[in-house]
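User: I have a structure open and would like to go through it step by step. Could you help me read it?

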Amino acid sequence: MIKFDQVSKRYPGSSEALRGVSFEIPEGALAFVTGHSGAGKSTLLKLMAAIERPSTGTVLIGNQNVSKLRRAAIPFIRRKFGLIFQDHKLLYDRNCFENVALPLYINGITGIDAAKRVRAALDKVGLLNKEKAMPITLSGGEQQRLAIARAVVSRPSILLADEPTGNLDENYATEILSLFYAFQQVGVTVVIATHDASGISAASGKILHLDHGELKHEVTP
Amino acid sequence: MRQWLNQHIQAISLVLSRMRQNLLATFIMFCVIGVTLCLPGILYVIVNNLNQLAGSVQSEPKISLFLKLDTQPDKVAAIEQQLAHQPDVAHYEFVSKDKAWQQLQISTGTAAVANNLEKNPLPDAYFVQPKSSDPAAVEALQQQMQQWPGVELAQLDANWVKRLYALLELGKKTILVLAALLGFAMIAIIGNTIRLQIVTQRDEIEVSRLIGATDRFIRRPFLYAGAIYGIGGGIAAWLMLAGVISLFNLSVAKISALYASNFRLDLPDAGVVTTIVASAVILGLLGSYLAVSRSLLKFELVKH
């Protein structure tokens, strides 16, 4: 599903964020990207979602070479992904319902169809009773779950999460991880970047460990 | 198809709800565009009306043919013959020097002057009505008559009409220049307003892009906003124009009454109103398109 071949990424004016990284994540798998902060985890995820382009190497998403995509084609590859950001990137001038509905609106789905799917997504993350609430009134864990609801509402085939449990206490973190396991159960490919390797075992999924932009070791369950 | 329609309906309702939230700002924007479009509109209505007025006057240009003082009666008869055979002449009237002299003595104001003169200084004259009212044709006829033997002066009475036409021509050019300049100003005003809106919605644009929004999706609500500003501004311009013209007409009616005429400025017709609103919409679209494209490009540069 996701294949990196000798991918390097250099930002202007800095050393290489990624160096010759190659790996493959099969369809329906769960993968953790681990490493210290600055190891290149976020860059790896951005390359997958075509937010950044690799300096060298190729990134294949479902046999499509993302690094060679035309600019106009990028929005359509992004729709394959559900993206969950460390800082949530919620819209604070809209209520929960409207936040979750945004990806559907972008796909041209509105009205009753959209409402059904938004409520289903909110229900999945346990926020159905908060649909009229503004995101600012939610706790950190609830905001993260809202971001997850927005990521899954358009039923993407790949879910990318950057430090989804970063600022949460352990209870919340476990809760959110179990949500990701649930999505994997129904066939979604899930990639989670985290600096916190505790609680992750090879049994739960593939582990890609980055160190200073290099893939140090790869554990496959 | 339904998806496509949904996206447009959604963009319009989004824009309308934003405008409803900023009702005062939207209203002021309409007024600004209205005033901008109103100025060339007022000039157009005035020039257009004067043009029509000139058209009605200009339909009777006359050539006054003053003969030389020493012209003999047989020469006068020859000129009469020429006039009779001239195909461009509708009809003509002979006023002899004696008749003119009598009229001069009778008419008040000039009687005193006439009585002080020892002999009749006036020439024999023909007043000629050309068939055509086209200024060029009349002028050609006048120049031809000037060459006739025995003719001292062939004077075109429609000269002031020509001058008025020249002035109106200048007026039309002024309208064009003014419209072009104000159109440019309007693109700038709308573009800047849209740009400010983009800045306040920057988060939303960035998030939308990250989750797969096309440029078109992002641009759409702003383009509708520009078009709606255009429609509102165009209607505002029309209302202002109608108000100003009605106000002018109060004075114009008084002046016309003094000239025993019932001339009034006409309100702009449907064609003019459509032109005003359509050009406002086009300028609005153009302004917002430029603003969004520029901002989208800038966001991109920041990201890479």
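Predicted model: local features only at pLDDT ≥ 70, side-chain atom pairs only at ≥ 80, totals over all residues.

User: Which strand pairs with β10 of chain A, and in what sense?

Analyst: Strand β9(A), residues 206-211, pairs with β10(A), residues 214-219. The sense is antiparallel, and the pairing runs over 5 bridges.

User: How many residues lie between β9(A) and β10(A)?

Analyst: The two strands form a hairpin with 2 residues between them. In that turn, His212(A) has a positive phi of about 50°.

User: Changing topic: how many helices and strands does chain B have?

Analyst: Chain B contains 10 helices and 4 strands. Along the sequence their order is α-α-β-α-β-α-α-β-α-β-α-α-α-α.

User: What are the dimensions of chain B?

Analyst: Its C-alpha trace spans about 100 × 35 × 35 Å along the principal axes. The radius of gyration of chain B is 32 Å, whereas a compact globule of 304 residues would have a value near 19 Å. Buried residues account for 26% of the 304 residues in chain B.

User: What is the span of helix α9(B) from its first C-alpha to its last?

Analyst: Helix α9(B), residues 215-258, reaches 63 Å between those two atoms, close to the 64 Å expected for its 44 residues at 1.5 Å a residue.

User: Where does α9(B) bend, and what follows the helix?

Analyst: The bend, of about 30°, is at Leu250(B). After the helix comes Ala260(B), which has a positive phi near 55°.

User: Lastly, how many residues of the two chains are in contact?

Analyst: On chain B, 15 residues are in contact with 14 residues of chain A. The elements of chain B that give two or more residues to this side are α1 (2-21) and α8 (202-210). The chain B residues on this side divide into 6 nonpolar, 7 polar and 2 charged.

Terms used. Residues numbered from 1 in each chain as written. Chains lettered and ligands numbered in written order. Contact = placed C-beta atoms within 7 Å. Nonpolar A, V, L, I, M, F, W, Y, C, P; charged D, E, K, R; others polar. Rg over C-alpha atoms; globule rule 2.2 N^0.38 Å. Buried ≥ 20, exposed ≤ 12 C-beta atoms within 10 Å, placed from the backbone. Expected span 1.5 Å × (residues − 1). Bend = angle between axes of the 7 residues up to and from the residue. Pairing = 2+ DSSP bridges.
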